[in-house]
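Dear colleague,

Please find below the structure that I am handing over to you.

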Amino acid sequence: MKSDKRKQQPIAGDHTSAVANHPPLVVRPPRYLISQEKLKEWLDGLAQEQTLVAPRQVAGLVLYRRVPDSAQIAFDAERPMLSAKEFFFPPTEQLLTIEKIGAEIKLNEILPDEKMIIFGVRPCDARGICLLDAMFINTAPADPYYARRRENTILIGMACEEMGPNCFCTSVGGAPDSPGGMDVMLYPAQDGYVAEAITDKGHFLLAKAGWLESIVGGTKLAEAGRFPVPEKGKWPQHFNDAYWQKISERCLSCRACTYVCPTCRCFAVRDEMIQPGEFERIRCWDACAGENYRRVAGGHRPRAEKSERLRNRFFCKFFYYPEQYRLNAVSACTGCGRCIEVCPAGVDITEVLTDLEKMA
């Protein structure tokens with residue numbers, strides 16, 4: 001299990017500023033008005049140079065997946081069912097192999113080297129990646145596997161034209177058109193898209209496209225109503241509330257909410273035998289909602305009750321993670337609403353937040 005007891009030490013490549021505050025540039029970066037056909041041609045060219053990932057229809061679901069060309073991209077689809085987190089922090093990944101040759105033990109570390117461009121990233125997913133940066137990169141020791149993937153990946157964002165029925169990004173500090181965490185941001189426009197470079201990576205990428213600059217702005221996007229969320233300092237007073245027992249009566253401990261969340265980052269590490277004398281060390285997602293989470297020798301479970309596990313999930317998002325990684329008032333929830341969509345028992349995060357705010 002990943003240790004959380006690590007000293008804060010910002011390092012090169014700090015992306016967390018995109019979560020707390022995305023500072024405006026003194027001079028607005030150039031914008032380019034492009035048609036959908038021009039965008040497709042550009043993406044086809046990028047796909048020839050490196051791996052292209054984009055929203056794609058898979059068995060009736062929209063998921064971020066590798067695509068050979070723009071023809072496979074679901075341009076008009078809503079937010080993908082899963083976030084782009086898995087391309088930086090895979091559900092299962094091989095960290096190293098272990099070979100035993102006689103008395104000699106040989107370790108072979110496996111660092112990812114694939115260069116990727118992820119297209120169509122929604123603002124909530126870019127925000128989620130920035131929140132993961134706080135732990136995996138900006139806190140020493142940096143995770144070499146995550147950091148390598150982050151460095152080798154370019155994010156091309158797509159503003160949401162409207163918020164989905166379960167989205168609430170505006171209530172947790174986000175916005176459907178926020179460029180925070182992106183390298184390039186696309187905004188829907190009447191004649192196609194407005195493209196804007198956000199980082200040096202983005203400037204370099206757009207400079208090669210050869211597009212003409214434009215002063216045209218993107219379409220005004222619709223935002224749903226906001227609701228108040230309890231401030232970080234108010235959470236400790238709710239730790240012993242009977243409310244957690246009441247709301248947990250619905251919970252099935254199925255862990256679906258944690259697996260679709262853009263910012264859940266718990267994992268387990270174990271060694272598996274490949275063949276006699278050869279082993280692999282793998283890292284897999286874990287979930288605090290599971291009954292056996294952090295079970296220790298002898299079978300003791302620190303949070304044996306559903307109410308304790310459910311409470312921990314909410315405290316992690318709105319108190320523990322922001323406190324530990326110095327996110328100030330920023331929560332570790334992006335407001336994507338995926339946990340609402342997949343919960344088979346109707347545990348609604350917006351309901352919980354609204355209830356707690358009323359109790360404060």
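**Cysteines**

The sulfur of Cys339 lies 6.4 Å from the closest cysteine sulfur, which belongs to Cys336, and this is too far for a bond. Please keep in mind throughout that the model is predicted. A disulfide is a covalent bond between the sulfur atoms of two cysteines. In this search two sulfur atoms had to be within 2.5 Å to count as a disulfide, and the count comes to zero. Cys333 is likewise in no disulfide, since the nearest cysteine sulfur, that of Cys339, is 6.5 Å away. Cys339 counts as buried because its relative accessibility is 14%, and Cys333 counts as buried because its value is 8%; the limit for a buried residue is under 20%.

Strands of a sheet pair through backbone hydrogen bonds, either parallel or antiparallel. Within this sheet, β4 (residues 92-101) and β11 (residues 278-285) are joined in the antiparallel sense by seven bridges. Thr92 stands opposite Cys284 in β11.

**Helix α3**

Helix α3 (residues 123-136) has 14 residues, and at 1.5 Å a residue these should span 20 Å.

**Salt bridges**

Side chains of opposite charge can pair when their charged atoms come close. How many salt bridges does a search of the whole structure find? The search finds 14, and three of them are described here.

One is formed by Glu49 and Lys208, whose closest N and O atoms are 3.7 Å apart. This pair links distant parts of the chain, 159 residues apart: Glu49 is in helix α2 (residues 36-49), and Lys208 is in the loop between α5 (200-207) and α6 (243-248). Glu49 counts as exposed because its relative accessibility is 54%, while Lys208, at 47%, counts as partly exposed.

Another is formed by Arg149 and Glu93, with the closest N and O atoms 2.9 Å apart. Arg149 lies in helix α4 and Glu93 in strand β4, so the pair ties together parts that are 56 residues apart in sequence. Both Arg149 and Glu93 are buried.

A further salt bridge connects Asp133 with Arg150, and its closest N and O atoms are 2.9 Å apart. Here the link runs from Asp133 in helix α3 to Arg150 in helix α4, 17 residues apart. Asp133 is buried, with a relative accessible area of 0%, and Arg150 is buried as well, with a value of 4%.

Finally, salt bridges that share partners join Glu93, Asp143, Arg149 and Arg283 into one network.

Yours sincerely

Definitions and conventions:
Residues are numbered from 1 along each chain as its sequence is written. This is a predicted model: local features need pLDDT of at least 70, side-chain atom pairs count only at pLDDT 80 or more; totals for chains, interfaces and linings use all residues. Side-chain values use heavy atoms; hydrogens and water are left out. Two strands pair if DSSP finds at least two bridges between them. Helices (H or I, at least four residues) and strands (E, at least two) are DSSP runs, numbered from the N terminus. The expected span of a helix is 1.5 Å times one less than its number of residues. Buried means under 20% relative accessible area, exposed over 50%, partly exposed in between (1.4 Å probe, protein chains only). A salt bridge is a side-chain nitrogen of Lys or Arg within 4 Å of a carboxyl oxygen of Asp or Glu.
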